[in-house]
Amino acid sequence: MKKFAFMLFLLSTAGNGFAQNCESILLGQVVDFHDNTPLEGATILITGTPLTTITKSDGKFRFEGICDGVLELEIFHPDCKSQFITITMKGDTFKKVSLEHHLEELQEVKVVGDLVKKETNSASEQTLNLNTIERFSGKSIGDALREIAGVSSLNTGSNIVKPSIHGLNGSRVLILNDGVRMQDMEWGEEHAPNMDINGSGSISVIKGAAALQYGGDAIGGVIVVSPQKIIKKDSLFGKSLLNAMTNGRGGNISSELSKTYESGWFANGQASFKRLGDREAPDYVLSNTGVKEIGIKLNVGKQLFDWGWKANYSFFDAELAILRASHIGNVDDLIRSINGGQPEVIDPFTYDIDAPRQEVTHHIASLNVYKRFQGLGKWNVQYDFQNNRRFEYDIRVGDDRNTAAIDLELTTHTFATDFKWDASSKRTLTMGLLARFQNNFANPATGVRRLIPDYEKFDFGGFLIADFYLNENFTLDAGVRYDFNRVDAQKFYLESRWVERGYETEFESLIVDDLGTQLLTNPKFDYHNFSGTVGFQYEPNNSSNFRLNYALAQRAPNPSELFSDGLHHSAARIELGDLRISSETSHKVSLSQSKDFDSWGYSVEPYVNFISDFILLEPTGVEFTIRGAFPVWTYRQTDTRLIGVDFTAYTEFHTNWKTNHSFSLVKGKDISKDQALIQIPPVSFGNTLTYMKPEWNGFEIRLESRYAFRQNEFPPNITIFSPGLQEEVLLEINTPPEAYHLLNLDAQMAFSVFGNGKLTTSVSAENLLNTNYRNYLNRQRYFADDLGRNISLQLKLNY
Amino acid sequence: MKNYKNTMQKSILVLFVLISSSLFVGCSDDDDPPAPVNEEEVITTMNVTLTAAGATAITLQSQDLDGDGPNAPTISVSGDLTASTTYAGTIELLNETESPAEDITEEVEAEADEHQFIFGPSGSIASIAYTDEDGNGNPVGINFTLTTGDAGTGSLQITLRHEPTKPNDGTLAGAGGETDIAQTFNLTVVQ
């Protein structure tokens with residue numbers, strides 16, 4: 001199955017070589033590139049002639065009576081792409097030719113119906129294809145990922161959507177954007193991934209830490225966003241997508257253009273723009289929820305079989321309005337909002353993006369070079385640079401009205417290299433190393449005490465992964481990884497906070513300067529993290545697949561878990577980190593079984609994840625200030641257990657009809673406290689019915705039902721003293737909202753236009769019945785209902 | 001086979017050379033201490049002065065010198081009020097984290113149409129009346145009058161709302177907006 005064709009031609013001619021000598025003999029042998037085993041059954045064709053032959057069991061072939069001169073050969077093998085080579089017959093000629101075949105490309109052929117190769121062999125993994133990505137072209141990446149069973153999201157309104165895998169989000173979910181690990185302050189609950197969904201070719205989710213090549217700290221999982229594959233032929237093609245939607249009264253446009261050459265050169269560019277005004281709940285306008293986004297991607301490179309390079313630059317800028325009513329002054333305001341049932345501020349619809357709002361700009365530049373060594377493997381080197389600038393504007397008075405309350409600039413340099421020994425068809429071995437330097441600058445010009453301090457961070461990592469292809473049906477994989485992290489921060493503490501945290505004896509040596517009410521400290525912490533994975537895949541036949549994986553992962557605390565200290569204005573809560581927080585360790589076992597029958601199929605993926613020293617942020621009480629009392633959210637470590645199952649199924653009971661079903665359940669428990677874990681997604685159940693009639697211009701209509709159960713397991717609420725009411729009140733800050741059911745409908749058709757072009761139109765309606773609902777994993781659930789009905793029109797033009 | 005091993009060793013060597021050279025590049029150190037931030041908008045102190053002819057002036061103070069820090073505000077009342085008396089009241093807001101202390105009252109006055117003090121009297125504090133106006137003729141509450149009832153105990157809740165609905169009915173629910181200050185003073189009224 002895994003034949004990596006490499007062809008060696010032994011060319012010989014009989015007699016003396018003079019022009020128009022048509023008695024030469026062409027001899028050749030087709031062999032595997034890696035292990036030199038002869039390839040049988042390859043077809044060799046001399047173009048422009050009827051001459052053709054097939055290689056024998058020794059891989060050899062022979063043509064007789066060939067004229068001297070230039071010839072073109074086409075070589076075709078069932079496992080490989082057709083190849084053309086030009087040779088010059090001139091007397092005694094010997095020629096050695098390398099052909100372009102990848103291990104990756106061959107695996108694509110192997111996985112029937114799955115265009116994207118898997119990132120791991122044994123972990124639970126699912127991929128969103130281009131069709132789904134295009135369907136979500138007007139949304140965020142987090143919205144699209146919810147299509148995958150077991151993936152939910154932690155939202156702040158509808159603009160900020162953080163993906164959550166098997167109940168875990170933030171720093172535990174690693175996002176790989178075209179080979180670059182996103183470094184964009186993923187720690188904050190109201191920080192969305194800074195990337196545009198447009199311009200990606202596929203998005204894979206590995207549910208767990210098994211993809212060690214990307215990092216050892218992905219306790220939740222890894223999201224791998226890949227660009228579309230480069231086809232090596234002379235071609236110019238492009239695509240434009242236009243979305244218009246009623247809810248938000250706006251839309252987006254995205255265009256991309258690619259130019260590829262037979263010689264391996266390629267260049268492509270993509271740009272998108274999105275603009276929406278205030279969104280609307282069924283009963284009212286969600287004031288200040290507009291968005292403006294710009295995304296640009298540029299790629300250029302040369303990809304040959306034995307070497308290649310690629311340079312990439314991407315830019316993303318987002319201005320996100322945050323629901324006006326979610327900006328509250330103190331705990332009494334919060335009580336009012338929770339009990340009020342309706343937002344405190346409802347203004348007429350506008351496109352304006354006012355405070356509170358965020359403005360984030362992200363640049364990525366990367367350079368990747370690879371070289372393949374014959375009979376050995378492939379070497380990859382990559383450098384990437386990232387710059388992330390984040391402004392958070394709060395509602396402020398006086399001269400500071402237009403000054404950001406948070407102004408952070410995060411700069412990251414990463415150097416990574418790996419070598420993959422794939423010469424043997426029985427096993428592959430990958431070894432890699434990584435070095436990263438990161439600098440965070442918190443601008444003091446905000447006039448607000450820094451929530452996140454200035455810091456420098458150094459990471460070094462190394463990994464070794466092995467895959468063993470034991471036989472046709474059985475694959476084993478295993479890997480180990482070590483990561484060293486050092487964080488060196490310069491942090492100001494209020495003297496009263498330093499004492500309240502109990503740092504004065506334990507961390508006295510960190511104090512650099514005493515400024516009266518504030519202390520300047522220099523915390524320097526080192527973390528040593530080990531991760532590992534082992535698992536197997538068993539495929540008894542083409543229609544069934546069984547995977548079992550164990551993954552050990554360790555994650556060092558992020559800067560917000562260590563250093564957060566102070567009032568987070570946009571959240572109206574005091575967030576307190578702890579310098580004592582250590583790395584968390586996860587042990588996850590996941591099992592995945594899938595089976596396809598004639599007219600239906602299913603997959604079931606149960607898992608259990610034990611995390612010791614799990615770091616969580618939860619409401620713990622209130623602190624009193626002159627403005628009243630503020631809820632205090634404190635980081636704490638505990639031992640937890642997450643158990644869940646994802647179930648998906650499909651039926652194709654009729655040529656024109658199909659159904660899809662998915663069910664996800666996860667239960668999170670704080671073992672030390674014997675209580676439910678905070679922010680665990682409720683049980684969700686989705687069903688889709690599709691009618692397809694290809695002869696009517698590819699007509700397709702889908703009706704989707706999504707039912708979210710109420711989360712019945714949540715940590716206890718807190719009792720606080722309300723200065724407004726002058727009494728103790730129960731703050732229902734953890735109580736989840738009721739269950740809800742949403743219906744979505746969409747229809748599409750495709751038409752041929754301007755010769756080669758194709759126009760696809762689709763109309764869709766989300767929340768068709770305009771249902772009022774609130775989502776447990778939306779941080780704005782205290783203040784307003786979620787989105788009402790949205791009707792959108794999409795035009796897609798491929799050219 | 002020998003060739004295979006050599007190439008492998010070479011590639012590992014190159015790998016290590018590259019990674020270790022990048023370590024040196026990455027480790028530039030700049031240890032300039034960052035500038036401290038002294039918050040400008042913090043209101044640490046509210047002084048309420050109550051004066052009446054023939055009665056001792058009374059000062060109510062709420063002071064929280066660590067701002068949003070863990071320490072709760074200290075509340076003090078300088079003395080008892082006299083029954084059945086109308087006091088003229090003034091509110092002063094200060095940021096005492098700066099030296100000299102910054103007068104925040106001026107900022108509130110400048111943006112009077114976006115601010116309002118809401119008063120919640122109870123017990124022996126009979127009533128409060130606004131004696132000032134913003135540019136639109138709506139009350140602000142920096143100046144007010146307080147009238148005491150019979151001797152006994154009472155309380156006065158003072159809330160400063162930012163961007164309230166104006167005009168409003170003088171209640172917290174009617175005013176809406178965000179709370180900049182919320183304090184309650186427990187008072188004693190004597191004959």
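Trainee: What volume does the largest cavity have?

Mentor: About 630 Å³. Keep in mind that this is a predicted model.

Trainee: What makes it a cavity rather than a pocket?

Mentor: A cavity is a set of points where a 1.4 Å probe fits but cannot get out, whereas a pocket is an open set. The search of the whole structure turned up 16 cavities of 30 Å³ or more, and the largest has a volume of about 630 Å³.

Trainee: Which residues are closest to the centre of the largest cavity?

Mentor: Out of 42 lining residues, those are Ser171(A), Arg181(A), Gln183(A), Glu186(A) and Asp217(A). As for elements, strand E30 (474-494) of chain A is among those giving two or more residues to this lining, and E30(A) gives the most, with five residues.

Trainee: How does that lining divide into nonpolar, polar and charged residues?

Mentor: It has 19 nonpolar, eleven polar and twelve charged. Asp, Glu, Lys and Arg count as charged, so that is the class for Arg181(A), Glu186(A) and Asp217(A).

Trainee: Now the second largest pocket. Which residues are closest to its centre?

Mentor: The second largest pocket has a volume of about 570 Å³. Of its 33 lining residues, the closest to the centre are Arg324(A), Val345(A), Ala355(A), Ile395(A) and Glu163(B). Helix H4 (331-340) of chain A and helix H3 (172-175) of chain B each supply at least two lining residues. By class, the lining has nine nonpolar, ten polar and 14 charged residues.

Trainee: What kind of peptide bond joins Ala355(A) and Pro356(A)?

Mentor: A cis one, with omega at about -5 degrees. Pro356(A) sits in the loop between H4 and strand E25 (357-373) of chain A. In chain B, the bond from Lys166(B) to Pro167(B) is cis, with omega near -5 degrees; Pro167(B) lies in the loop between strand E10 (152-162) and H3.

Trainee: Where is the nonpolar surface patch, and which residues make it?

Mentor: Leu242(A), Ile253(A), Phe273(A), Val763(A), Ile791(A), Leu793(A) and Leu795(A) make a patch of about 550 Å². Strand E48 (residues 790-798) of chain A gives the most, with three residues, and Ile791(A) is in that strand.

Trainee: Why does Ile791(A) qualify as a patch member?

Mentor: Patch residues have over 30% relative accessible area and no salt bridge, and Ile is on the list of nonpolar side chains joined within 5 Å. Ile791(A) is in the patch, so it meets those conditions.

How values were computed: Residues numbered from 1 in each chain as written. Chains lettered and ligands numbered in written order. Predicted model: local features only at pLDDT ≥ 70, side-chain atom pairs only at ≥ 80, totals over all residues. Heavy atoms only, no water. 1 Å grid on protein atoms, 1.4 Å probe; cavity = no way out; pocket = protein on both sides within 12 Å on 5 of 7 lines; lining within 4 Å. Points joined across faces, edges and corners; volume = space filled by probe spheres on them. Helix = DSSP H or I, 4+ residues; strand = E, 2+ residues; numbered from the N terminus. Patch = residues over 30% accessible without salt bridge, like charges linked within 9 Å, V, L, I, M, F, W, Y side chains within 5 Å. Areas by Shrake-Rupley, 256 points an atom, 1.4 Å probe, with all protein chains shown as cover. Salt bridge = Lys/Arg side-chain N within 4 Å of Asp/Glu carboxyl O.
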